[in-house]
Amino acid sequence: MSKFPVERIRNFSIIAHIDHGKSTLADRLLELTGAIATTDKNKQVLDKLQVERERGITVKAQTASLFYKYQGQTYLLNLIDTPGHVDFSYEVSRSISACQGVLLIVDANQGIQAQTVANFYLAFEAQLTIIPVINKIDLKNADPERVEKQIEKVFDIPTEECIRISAKLGTNVEQVLQEVVKRLPPPTFKKEDPFKALVFDSNFDHYRGVVANIALFGGYLSKGDRIISAYLGKSYEVNELGLLRPDEHPTDRLYAGQVGYVIAGMKEVKEAQIGDTLYHQKHLVEAFPGFKPAKAMVFAGMYPMDQSDYSALRSAVEKLTLNDSSVTVQRDSSLALGAGWRLGFLGLLHMEVFNQRLEQEYNASVIVTAPTVPYKAILSSAKLIKNRRAVQKNMVYIDDHRVMMKYLFPLNEIVVDFYDLLKSMSSGYASFDYEDAGYQAAHVIKMDILLNGKPVEELTTIVHKDRAYSAGKAMCERLQDAIPRQMFEIAVQAAIGSKVIARETIKAYKKNVLAKCYGGDITRKMKLLKKQAEGKKKMRYVGTVQVPKDAFINVLKRKDK
Amino acid sequence: MLRTCLTAVRGPAVCVGRCFSSEVSGADSTLAGFSSPPFSTEASLYVHWPYCLKRCSYCNFNKYIPRSDNQDVMLECLQRETETLLKLSQVSRITSVFFGGGTPSLARPSTIAAVLQTVTRHAGLSEEAEVTLEVNPTPVGSSKLEDFLHAGVNRFSIGVQSLRDDDLKVLGRDHNSQHALQTVAEARRLCPGRVSVDVMFGRPGQSVASWELELDELLSVCDDHVSLYQLTLERGTQLFRQVQKGQLSVPSDDITAVMYDSARRILQKRGYLQYEVSNFARNGAISQHNMSYWKASQYLGVGPGAHGRFVPRGEGYVCREARTQTLEPDVWLREVQQRSHGTRRRIPLTHLGLLEEVLVMGLRLTDGITHQHWQLFSPRADLYQILSSSSEVQDLQQTGLLILDDRGLRCSWQGLALLDSMLPTLLLLLEAYITQGLDNNSGSLQL
């Protein structure tokens, strides 16, 4: 690997809005450079997680080192595949800091979207070379010319710089590689400098421990070296290191300007945080700026379906968080649901993916309570937006077809289903990105939900005073639908302090017995009764009222009509 | 004793496991831990006649319109299967026979006679055994009653359903109220005190008031036994579709609850004792055959789609099995001809499975389950041990729905109407106790 002079190395990322074709392009690049064989099965090779493949999204950033021959010379191109979702912008920014350039993909029909803009700014601020790539030109509605003009207007990049491709069909993809070689500067790191590497990803392997993906900014790293992580100050010995092609290819050394992986006896991914700096024990260096330990923005309560599943769920959560250092975990407990946790995520998608992985990979079934946002005590659209207490900040016309609007929202208003609604109201065209704008004072109050007088802790919410009645009524109605009739009447109430502000009633059964068992055929009835008995096991009791687990979930999801 | 039971066992692992793991105490005269009650050499017999002339709009039973006249082959096969199952179960006495369907009154009386003869030939059918035939009250049906009597039937169950001709049409019945009244009268003439009338409430367009009036009318002409059924909409029936489309509507849950309650009171006032959820008798005229279901006795099911619960001792098994005969008549006929019976499914009942049936069926009786009765099936775990420490059961007792005392376990008047709401709780407790092991007598199970 030392025969690779730094001048022939290119480090780049692919950034884009969701579904604009990052991963497909990554596939093609891998195929073109022989890293993987050209077959149909290469659809999104780099998306390793089941949940990623199902949802067509990338959750974990992956990396591949490609060898590309251009004009008689072989180049080492290090590709870093990035997550395309707003929740993971921190990961994207770290990946970018290991690069000298990015391919900014824009869908030829959809044009610039929220994440396109967000990611562009990340790259721009990092002063990277930006190569705009217009993808999906093979589709019927593609209008590359319009998109090029858009790009010129919003990003100030001349239209000649755009490359029009179809990643799916492979059209012009080779040209992308060439432009990477031509336009991107090589890294300016020197082998002679002390060793310094940026951690831009890590995952946990049961047999080998933490595998950290690093980009070397100076010096070189050999097997057996002793290194230190700047964040925790702990030292480790390098057991194994190598390139990712995208599979691991162990080598003896990695040099400045290269990208690869290292295994150094770290036990938890928390020891290899994204954005962290690694250096030789004997050569202290300045840590990379911009490192932040991940900050959770959206919280959810997670409880096992039944308390007997608690330890199974705990171990599933532990295993998953092994590989995801940005999830914060705190033990919690509830009257209604028993012992569980309060988990913090980078965003809604992060949370959904986590849940899906829990269910699929660990067969865990969980009750998830509504995400809540951090409140600081003192505690204090056009129709869609108006209903959600937003304050408009500004409005910019991107082109003839679209407008970008900035609003100041209380986070609470968007945290559950704002995004879904926005998408459906705008047939998918509207896109949305948010950033933390700090805390603001508001008049909020605590609202309890009672069943036959007993409060259901998990349904206690903090609502704005103006919304209390409608929220309370809606919750009562939703509960009325979700809780089955029982042998006594059930009063469902929403209350603020001791004042009841809304109420629904669930009538009692007056008769519930099978009329006739014909000719000794009792099998069907027995099956039904046994099924009901099983269902009872999963019910929660609030006082004497049986509540199915679905009831909580149904109630806590907000739906505006 | 253990030795004999080991050599006899050839059944499914479940049963065998039971046999090995339970302690055999010399004091027990019953074979301890077996999943069948003391070996019974008795059973009742259910015979299914699958054919009807037309299908009622609410019916989703196993019934068919006959395409050709296959009375002969049906007769042959019913006899054959009866013989086979009698031999298989090794019962030496049939305590009651019930001809159900379909419309059994469409069968030839000679067919009925032939089946009864087969029973007599291969097992005992005592003089006092109740032999019931379901009757559709059409003119044709009522003209055959006497012949059925001569064939050996000694009890008639007549599907009157309603005295309102309009309603009968909606229900798709092929008779009117006049026919029904005539049939009841004829049946009472032939078998006084041994006629049962089926009535249906919760029909489209019915009100509590009209129901009460109708019931009064009916009771003036009924004999000593009345079965009261609530109309239930079953998927796939014509009535279900009509209600879904909005062409018809049935009374709401609350109204049918009132109808049931008021019917119970009216029947009681008129001297009928309610002995089961849907069954009322005066002068002690309870249905012996149906009793065997509620008491979890053995029963043999013969004919397409018939259900049975017995121990196939003839094959060396010791576990009671839940058995179903092939549903479709044509297929059933073929199977009986080829291998002498048309059993489609047979599933051994575990100890717990049998107890569950005892519990679910027994609680339908107003007398419920006595401790003695329960002990026949569960010699090691009595009802107190299983239920008394549960707070939920205590609640049910306190709210006056369930009674657990020195007689046994039963529902109260209100409790009976809500039985199916209580059963899941009881089943869970039973399961928890039994699977925990009969040896563990902690008795402190809290739900």
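Two strands pair if DSSP finds at least two bridges between them. Strands and helices are themselves DSSP runs, numbered from the N terminus: a strand is E and has at least two residues, a helix is H or I and has at least four. The model is predicted, so local features need pLDDT of at least 70 and side-chain atom pairs count only at pLDDT 80 or more, while totals for chains, interfaces and linings use all residues. Residues are numbered from 1 along each chain as its sequence is written, chains are lettered from A and ligands numbered from 1 in the order in which they are written, and side-chain values use heavy atoms, with hydrogens and water left out.

An open sheet of 3 strands in chain B shows this pairing. Its order is β13-β15-β14, and the pairing is antiparallel. Strands β13 (369-370) and β14 (402-404) of chain B stand at the edges. Each has a single partner strand, so one side of each is left without a neighbour in the sheet. Between β14(B) and β15(B) (residues 408-411) there are 3 bridges, in the antiparallel sense. In β15(B), C411(B) is the bridge partner of L402(B).

Chain B as a whole has 18 helices and 15 strands. Of its 447 residues, 57% are buried. Buried means under 20% relative accessible area, exposed means over 50%, and partly exposed lies in between (1.4 Å probe, protein chains only). Contact means heavy atoms within 4.5 Å. Among contacts in chain B between residues at least 6 apart in sequence, 71% join residues at least 24 apart.

Two loop residues of chain B have a positive phi without being glycine. Phi of Q90(B) is near 60°. Q90(B) sits in the loop between α3 (71-89) and β2 (93-101) of chain B, and its relative accessibility of 38% makes it partly exposed. Phi of A296(B) is near 55°. A296(B) belongs to the loop between α11 (288-294) and β9 (299-302) of chain B. A296(B) is buried, at 7% relative accessible area.

In chain A, strand β4 (residues 101-107) is mostly covered, with 7 of its 7 residues buried. In a regular strand the side chains alternate between the two faces of the sheet. On one side of β4(A) are G101(A), L103(A), I105(A) and D107(A); on the other are V102(A), L104(A) and V106(A), and both faces are covered. Strand β1(A) (residues 9-16) pairs with β4(A) in the parallel sense over 5 bridges. There, L104(A) is the bridge partner of I15(A). Strand β5(A) (residues 129-135) also runs parallel to β4(A), joined to it by 7 bridges. L103(A) has I131(A) as its bridge partner in β5(A). From β4(A) the chain passes through helix α4(A) (residues 114-125) to β5(A), a right-handed β-α-β crossover. Right-handed means that, with the strands pointing away from the viewer, the path from the first strand over the helix to the second runs clockwise.

The two chains also touch each other. The contact takes 32 residues from chain A and 44 residues from chain B. Together the chains bury about 3,200 Å², 59% of it on carbon and sulfur atoms. Buried area is the accessible area (1.4 Å probe) that two parts lose on being put together, summed over both. M487(A), K511(A) and V513(A) supply 19% of the area that chain A buries against chain B, more than any other three residues.

A salt bridge is a side-chain nitrogen of Lys or Arg within 4 Å of a carboxyl oxygen of Asp or Glu. The structure holds 44 salt bridges over all chains, and 7 salt bridges cross the interface of chain A and chain B. One of these joins K530(A) and E356(B) (2.9 Å, N to O). Helix α13(A) (residues 523-537) gives the most to the side of chain A that touches chain B, with 12 residues. Another salt bridge links D254(B) and K507(A) (2.8 Å, N to O). D254(B) lies in helix α10(B) (residues 253-269) and K507(A) in the loop between β27 (499-506) and α13 of chain A, so the pair joins two chains. D254(B) is partly exposed at 26% relative accessibility, and K507(A) is partly exposed at 47%.

Within chain B, R364(B) forms a salt bridge with E276(B), with the closest N and O atoms 2.8 Å apart. The pair ties together parts that are 88 residues apart in sequence. Both R364(B) and E276(B) are buried.
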